[in-house]
Amino acid sequence: MTGNKAVLTGEHFLSGDLACAEGAIAAGCRFFAGYPITPATEIAERMALRLPEIGGIYVQMEDELASMAAIIGASYAGLKSMTATSGPGFSLMQENIGLAAMTEAPCVVVNVMRGGPSTGQPTKPGQQDVMQARWGSHGDYEIIALSPNSVQEAFDLTVEAFNLSEAYRVPVILLMDETVAHMWEKVVIPPAEEIRLVNRKKPNVPPGEYAPFKPEGEDLVPPMACFGEGYRFHATGLTHDEFGNPKTDSPEAQFQLVSRLCEKIRRNAENIIKTEKVMLDDAEVAVIAYGVVSRSALSAVKKAREKGIKAGLLRLITLWPFPEKQVAELADKAKLIVIPELNYGQMVREVERAAKEASIRFLPKLGENLHTPGEILEVLEAK
Amino acid sequence: MPVRIWRKPLDLEKAKPPRGEIHIIKDRCKGCGYCIEYCPRRVLEESDEINKRGVHPPKVEEESKCVVCSFCTAVCPDFAIFVVEKPCEGGC
Amino acid sequence: MTQNENLAHPMEVFLRKSRIPHIWCSGCGNGIILHSFIQAVKELEMDSDKIAVISGIGCIGRVAGYVNMDSFHTTHGRAIAFATGVKLANPELTVVVISGDGDLFAIGGNHFIHAARRNIDIKVICANNFNYGMTGGQQGPTTPLEAYTTTSPYGNIEHPFNLVSLAAASGATYVARWTTLHVRRLTASIQKMLQKRGFGFIEVISPCPEIYGRRNKMRTGLEMMNWLKKVSVIENFSDPAKAEVSRDRIIIGEFVDMEKPTFESILYQTIKRVQEGKGR
Ligand SMILES: Cc1ncc(C[n+]2csc(CCOP(=O)(O)OP(=O)(O)O)c2C)c(N)n1
Ligand code: SF4
Ligand code: SF4
Ligand code: SF4
Ligand SMILES: [Mg+2]
């Protein structure tokens, strides 16, 4: 696994899907399991081509249920692992995303969002899976989801997704719009040594003393041994104690485990959350947007400024955990918050929750067309 | 099920089957009766005792008949019975 | 009988002792299968550090929690898919899937046939108790025609799978069927499978007296085991398609034992070729 073959340092012209694949490889991903689906297929194709070059494993599974299960298995056997899909496949993955959350398996799931529900519009963009990413599996758990708005960011955030998954032992979801996945832009891949990589904490106790689900340190994350290292540990999707023993009747065990799974993300939220703030300092009207929509939003805000309107943009890079504090701060200052989304009302609910007093305008969009800057500008002007 | 032969007798005259020491972990027993039923030598029988689980664990009826085939161990679903070969006393 | 209370059961080192006794009912065949598996590991003197046991959900699914080895209790039906990730990520490991008839052949059936097709080096042991034990005894993909379960209260109207035939047709390179009464042969068969490379499958017909037997005129484990004794016929290397499992006859034995390149060997050769620049 030579560094230079894995990290294609230099300037490239890539699509979001391809940049995502390169980001994964640069982040150390050496196992990819997938099943073809538009508009995420190119990620699998790139991985099938690239992983063998660097000694990594590409396997095409029989479905997305299997893909998700296989990447958890590979993660437990010690490799950084990923799968990529779109809405229908993402739905099939949900049960095992819960398993990954419950057993704290670091892994990355890419969902290139297309129009739904059901088979919907396979080649058209959507942002209709943002709530599913948060709540798709049953039970209480926390998850991390990131949303790139450019091809460069598809690369950068895939690296980040791996780092977060390793640091917090949690599945991380990269929610990419179809538009970002299929657009071609310049990408700069830095030299390998300039890419920050995070690896899971390893146990520093002998096998006899290892408790696989006992957190170590403030971050509430347990060190992770892998299969074959001599720790002979057990993991289960059942509620379990620190040793991995099933505890199906104990209310204390249920509380202790589920609350820790949530708190390890909630308490670290400020270290996880990334947003981009554009001209917000004196903003009276603001747009909150993510993914490809933030690009139209940015031009709308710039045009508004040209017209003397004090407009700004809060771009959500991290969707989950939700940047509540950032939204609440904005709501204290801005008279109006505009939320354009490629869905019929999803993140707007979170914004409403975090920004109780603010006046909020939701701009839904379904189908082929993205919001134009003009459409957003119109609302900013009308404030 | 054929009886497993552990070693070849050197002198057929003196040959005796190996002698077993049967261990029963009584409180693990769930009383299925498999060890009793499938012992080729009918070494075991149900006891009158009632264990922690409320069942009658087996007891040894005649240990000297045991040929240490360990079938009882293999067929016990509960890891409640095992047999060890007795060390040879008086040079067998 | 023993006076030496300190002597431990010889299999104890292979078990997570704190978890024994297990949850299975009196006379349940699952414990016999567990014993047989670890007996095979013991006799082969395998390194337990290099074995991973993966199970699905069901009564037998709890087996992963009992072995003193790396183990994972996955979601219902996904044990083989999970095991695929484990095996490919660390080919040094012996990867064993132990799960139920419902888990492997109803909800997880697709993974089974595809793993067999690839001939990936995963060893699958199926505890076939003819029903869904864990959920209280419903009809499943191996329930015999006309058998009574909670969801076939008028007798099962579905034809069951012939698991050994399915495995053979899907491409498994080792296929056998035994019962929990044939423990010696079962252990020998598990040993053989563990020593081979490729996708291996052993079906073990296993009594579930508690909820299947009871509804089908076999109230106790002993009655079920005696039935297995009476109807089992060993026909090694006979046609798996004709290996019936019926009230009157159960054909057991080895059915397939062949060599075929494994998925991972082809995969690693391909990687090597690509890395040498001879990809296409
Ligand atoms: C997705 C899903 N569906 C249903 C169940 C409920 N369920 C648990 S075990 C089981 C059947 C297990 O049957 P089998 O694999 O034959 O194992 P057994 O209990 O008979 O040993 C079912 C249906 C589940 N856990 N998950
Ligand atoms: S070892 Fe067990 S089964 Fe064999 S003869 Fe002795 S008591 Fe009977
Ligand atoms: S086989 Fe085991 S559980 Fe059954 S009666 Fe004998 S000792 Fe008890
Ligand atoms: S219900 Fe059946 S399969 Fe489940 S533990 Fe009891 S006897 Fe075994
Ligand atoms: Mg079953």
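In this predicted model, the magnesium ion (ligand 5) has three kinds of protein donor atom around it: C:D101 (OD), C:N129 (OD1) and C:N131 (O), at 2.1 to 2.3 Å.

**Magnesium site**

- Along the sequence, the donor residues of the magnesium ion (ligand 5) follow the spacing D-x27-N-x1-N.
- C:D101 belongs to helix 3 (residues 101–107) of chain C, while C:N131 sits in the loop between strand 4 (122–128) and helix 5 (163–170) of chain C, so the pair ties together parts that are 30 residues apart in sequence.
- C:D101 has a relative accessibility of 1% and counts as buried, because the limit for that class is under 20%.
- C:N131 is likewise buried, at a relative accessible area of 2%.

**Ligand 1**

- Ligand 1 is surrounded by 17 residues, and the closest are C:C59, C:G102, C:D103, C:G133 and C:M134.
- The surrounding residues come from chains A and C, so the site of ligand 1 is shared between chains.

**Second largest pocket**

- By class, the lining of the second largest pocket comprises 14 nonpolar, five polar and eight charged residues.

**Cavities**

- Two cavities of 30 Å³ or more are present in the structure.
- The largest cavity has a volume of about 90 Å³, and 13 residues line it.
- Nearest the centre of the largest cavity are B:C39, B:V43, B:C66, B:C69 and B:C72.
- The lining of the largest cavity divides into 11 nonpolar, one polar and one charged residues.
- The second largest cavity holds about 30 Å³ of space and is lined by A:A101, A:Y141, A:E142, A:V170, A:L261 and A:K264.
- Four nonpolar and two charged residues make up the lining of the second largest cavity, with no polar ones.

**Backbone geometry**

- Most residues other than glycine have a negative phi, and most peptide bonds are trans.
- The peptide bond between A:W320 and A:P321 is cis, with omega about 0 degrees; A:P321 lies in the loop between strand 14 (318–320) and helix 12 (324–333) of chain A.
- Another cis peptide bond joins C:I20 to C:P21, with omega about 5 degrees, and C:P21 falls in the segment before helix 1 (30–43) of chain C.
- C:E45, not a glycine, has a positive phi of about 50 degrees.
- This residue, C:E45, is in the loop between helix 1 and strand 1 (51–55) of chain C, and is exposed at 72% relative accessibility.
- C:F237 is not a glycine either, and has a positive phi of about 55 degrees.
- The loop between strand 7 (232–234) and strand 8 (250–257) of chain C contains C:F237, which is partly exposed with a relative accessible area of 46%.

Methods. Residues are numbered from 1 along each chain as its sequence is written. Chains are lettered from A and ligands numbered from 1 in the order in which they are written. This is a predicted model: local features need pLDDT of at least 70, side-chain atom pairs count only at pLDDT 80 or more; totals for chains, interfaces and linings use all residues. Side-chain values use heavy atoms; hydrogens and water are left out. Ala, Val, Leu, Ile, Met, Phe, Trp, Tyr, Cys and Pro count as nonpolar, Asp, Glu, Lys and Arg as charged, and the others, Gly among them, as polar. Donors are N, O and S atoms within 2.8 Å of the metal (3.2 Å for Na, K and Ca); water is not among the atoms, so sites may look incomplete. Helices (H or I, at least four residues) and strands (E, at least two) are DSSP runs, numbered from the N terminus. Buried means under 20% relative accessible area, exposed over 50%, partly exposed in between (1.4 Å probe, protein chains only). A residue is near a molecule or strand if one of its heavy atoms lies within 4 Å of it. On a 1 Å grid over the protein atoms alone, a cavity is a set of points where a 1.4 Å probe fits but cannot get out, and a pocket is an open set with protein on both sides within 12 Å along at least five of seven lines; lining residues have an atom within 4 Å of a point. Grid points are joined across faces, edges and corners, and a volume is the space filled by probe spheres set on the points.
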